[in-house]
Amino acid sequence: MVIDALLAVAALLLLAPAGIALAASPIGRPTVYGASLALSLVLVVAGVVSLSGHHESAATLPFGLPWLGAHFRIDALTAFFLIVVNLGSAAASLFAFGYSKHEKFPGRVLPFYPAYLAGMNLVLLSADAFSFLVSWEFMSLSSWALVIAHHHLRENMRAGYVYLLMASFGTLSLLFAFGLLAGASGDYAFDTMRATPPSAELAALVLILALVGAGSKAGLVPLHAWLPLAHPAAPSQVSALMSGVMTKVAVYGFIRIVFDLAGPPAWWWSMPVLFVGAVTAVMGVLYALMQRDLKRVLAYSTIENIGIVFVALGLALAFKANAMNFAAALAMTAALLHVLNHSLFKNLLFCGAGAVLAATGERDMEKLGGLIHRMPRTAFVFLVGCAAVSALPPLNGFVSEWLVFQAILLSPQLASWGLKLMIPAAGALLALSAALAGACFVRVYGIAFLGRPRSNAARDAHESERVSVVAMGLLAAACLVLGILPGFAIDALAPVTYLVAGGRMPVQTAVEWLSTVPIAESRSSYNGMLVFVFIAASGMIAAFVIHRLASDKIRRGAIWDCGFPDASTVTQYSDDSFAQPIRRIFGTVVFRAREIGEMPTPSSTAPARFTAIVRDPIWDTLYAPLTEFVAFTAEKLNVLQFLTIRRYLSLVFAALVLLLLVLASWP
Amino acid sequence: MALIHDLLFQGGQMLLVLLLAPLLTGFVRKVKARLLRRRGPPLLQPFRDLARLLRKDAVLAENASWLFRVVPYLMFAATWVAASLVPTFRSGLLFSWTADLIALIALLGSARFFLALAGMDVGTGFGGIGASREMMIASLAEPAMMMIVFAIALIAGSTQLSTMAAFMNSPEVGLRVSLGLALLALIIVAVAENARIPVDNPATHLELTMVHEAMVLEYSGRHLALIELATFLKLLLYMSLIACLFAPWGIGAATADPAEIAIGVASYVAKLVAGSFLLAVFETAIAKMRVFRVPQFLGAALMLALLATLLRFVSRSF
């Protein structure tokens with residue numbers, strides 16, 4: 001199976017030069033996206049077969065380090081992530097069929113797109129540190145090329161620069177993590193690492209390095225700074241992949257290192273993971289509420305969801321360390337299910353944002369509005385995505401969050417006091433972030449799709465291509481199906497949770513009525529299908545009875561608005577005004593938000609002004625001092641470039657002596 | 001046979017909540033009016049209002065979308081389903097396992113999400129202000145509610161409402177600090193969620209501090225009737241929830257014994273009457289808050305509930 005998967009990846013790699021050759025020709029687009037779609041589906045099948053057939057396959061190819069070779073392997077964890085990544089890639093490729101017509105420079109996108117897909121798949125397939133890191137860098141670089149595809153925009157270049165820096169930093173951390181795992185013997189194959197787990201202190205260091213390395217790619221606060229810049233800058237199908245899929249590859253990296261390679265966890269490992277996850281969830285959604293750019297809101301919402309995933313992973317670590325395998329399996333299932341769910345609805349939402357961008361040329365929500373009339377199909381599927389990301393039943397986002405809450409309710413049985421205080425706090429932050437996500441997506445949908453058009457571009461918008469709508473419709477359908485029948489997905493995850501958490505959830509498909517039951521039915525249960533059926537039935541009964549027995553007449557009239565309708569569309573609620581209450585409550589603390597209102601003097605004809613100032617606390621306290629420090633040191637070190645030859649020679653000599661002294665004093 | 005019984009009870013509960021909800025609101029209004037030394041509208045006035053609204057044509061704004069027309073049905077359906085799953089006079093309802101308490105709250109969250117969207121559909125200032133403030137209130141009330149659920153679920157060992165009610169009815173509950181804190185928080189959340197004084201004024205119209213009414217300003221006819229009915233149902237739901245968690249006396253077990261059911265119904269009605277008296281007295285005695293005082297009010301609920309949960313984590317005896 002691994003050979004088949006590698007062949008598909010090789011085909012993707014070959015597609016990249018084909019993309020260069022065909023970029024100018026009219027068949028280039030259909031070829032690249034069609035082949036990407038087909039190959040993604042092949043890889044999905046490979047994942048499904050490996051996961052359902054419970055079989056692992058490995059191969060060693062003669063590339064890479066001469067004494068090592070390149071190890072590749074599909075186990076349950078890899079198989080699951082193969083499905084997630086390639087489902088997302090397939091949907092994005094299908095969407096790109098229609099959407100990429102609007103691409104002005106196909107030559108800058110077509111070659112890198114399949115290469116990027118290949119990079120993500122190679123990370124998942126790698127079974128030694130060397131191939132893993134090379135693939136990881138390949139993935140980063142190809143996505144970087146896509147981020148700066150539209151490099152005539154200054155902000156895109158800046159986004160690409162920040163992304164490149166953060167990606168290198170993340171890879172550096174992972175490099176150290178793998179170095180520690182390999183130990184002095186220097187055998188980089190995952191099998192060897194697994195067989196010889198590091199000592200407790202080294203393992204702790206590995207945990208921190210993995211959290212930093214994978215976390216910077218996933219967008220954990222405070223390493224998220226690049227994400228809301230880079231994800232929106234790329235073409236929309238690539239934004240969908242970066243947000244929906246690549247962050248999941250980072251989650252995979254974290255699970256692989258911490259749950260699989262680093263040996264049995266200590267009780268405190270979960271503390272940093274829980275803390276960072278909970279803070280990320282709340283900060284991500286608060287940032288999202290302060291943004292005006294549609295794609296940037298979605299990028300920040302990705303950060304929030306990654307926070308939720310990491311909270312679930314932290315819980316799984318805590319339970320695993322306390323040998324509560326059934327609870328660890330529950331938390332791990334919640335994390336993995338949320339990974340899958342988020343990849344579906346975030347893909348959908350980014351594709352929707354791309355459709356809006358193609359139809360109006362706008363990403364600024366303040367210039368949108370009323371799109372539900374002009375783009376009814378896109379508006380419908382986008383609504384499904386908004387409801388799913390806001391964790392509303394009966395859609396899929398709710399199921400995974402519900403499982404996380406159920407896992408939290410098991411945690412009083414944990415022994416340590418730190419966790420007893422940390423987990424309820426994390427639970428409260430999680431609940432807060434879920435509620436804020438609802439507000440955030442009411443804002444997004446209400447401003448961008450509802451109301452009256454706020455610009456001519458929005459007034460003249462047109463529905464997107466049929467194939468793009470089909471792609472989004474399939475994603476929306478998947479969101480609904482996973483929401484009402486999560487049992488099948490949960491059962492399919494059993495081999496993965498056996499592998500990384502040492503247990504599994506009860507068999508869900510055996511439960512009556514296909515309910516979801518984490519522990520026992522008397523404890524908690526949820527049945528998305530019945531909720532869906534009940535809501536649909538009672539809504540339809542109500543509609544039928546009322547239309548039959550009471551009235552079914554509709555009259556159209558002018559807007560009422562309490563008798564004072566205003567013809568101007570600028571008097572509508574705007575994105576800023578919608579966020580104002582939340583900015584006042586949370587923003588004054590977190591973002592030092594201030595509002596400045598300037599009223600002109602009575603006789604003056606000057607306009608009144610209102611400004612809301614929001615600071616980014618993490619940029620201010622972490623990144624700004626860091627960049628200043630780097631600039632300062634660079635300035636000071638600049639003198640080294642203008643020394644005489646004698647001084648250079650003495651410098652080299654001093655360095656040599658110093659190194660020899662170190663070597664001599666080494667024990 | 002047992003299945004038919006169960007179906008009967010589930011259907012009975014659905015009809016019961018539908019009939020009781022307007023009556024409850026009518027009763028609260030009546031008591032409030034009497035406390036203000038007014039005569040007040042008759043008890044059945046909400047029914048008459050609904051019937052009148054249902055018969056009228058629905059007037060839609062020119063640019064109202066399909067979403068605007070679907071939301072009332074959606075909201076009513078979600079609230080009705082949620083209200084039918086809370087044990088009222090008899091626990092162990094046929095479909096009680098469909099949604100536990102967390103899912104129930106999320107269902108109400110769905111209803112609110114779509115109503116807020118409908119408020120923004122036409123593109124008016126009032127609709128936006130209502131939607132924005134409703135979501136602001138929800139952003140604090142929902143986590144508070146979740147913490148309350150945590151606190152109680154950790155005591156009862158379940159998030160299933162039937163199990164929780166049965167546990168609360170058993171002698172092993174006793175007096176606990178965390179339960180007291182959770183009850184206080186739950187009352188605050190219920191007041192906010194139902195748009196009652198001091199958070200919002202259900203009787204107002206055209207006031208800048210209004211929240212719920214501003215959202216539904218553009219609605220008329222049968223759509224408005226459904227939204228009103230859903231609001232009545234929500235009030236009933238929260239009262240039933242408080243009754244079933246903190247005063248579960250008299251809730252019959254899963255039997256078909258007519259005497260037990262009679263006791264269940266009688267005690268349920270008595271609880272509702274007591275609850276509406278307390279609500280009316282509270283609303284009459286207190287003034288409405290400024291909108292930006294509401295976060296402090298709800299923040300208190302959140303902190304109380306968090307404290308209750310933390311106490312549970314720290315020790316089993318609190």
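Helices here are DSSP runs of H or I with at least four residues, strands are E runs of at least two, and both are numbered from the N terminus.

Before going on, a word on the model. It is predicted, so to speak of local features we need pLDDT of at least 70, and side-chain atom pairs count only at pLDDT 80 or more, while totals for chains, interfaces and linings use all residues. Residues are numbered from 1 along each chain as its sequence is written, and chains are lettered from A and ligands numbered from 1 in the order in which they are written. The pLDDT is the predictor's confidence in each residue, from 0 to 100, and chain B averages 90, with 97% of the residues at 70 or above. The model scores ipTM 0.96 and pTM 0.95.

Back to α1(B). This helix bends by about 30 degrees at B:Leu20, with a proline, B:Pro22, following within four residues. The bend is the angle between axes fitted to the seven residues ending at a residue and the seven starting there.

Now, how do the chains meet? In chain A, 71 residues are in contact with 75 residues of chain B, contact meaning C-beta atoms, placed from the backbone, within 7 Å. On the chain A side, α17(A) gives the largest share, 14 residues.

Strands meet here too: β3(A) and β1(B) run parallel, joined by 4 bridges, where pairing takes at least two DSSP bridges. In that pairing, A:Ile554 stands opposite B:Ala58.

Notes. Contact = placed C-beta atoms within 7 Å.
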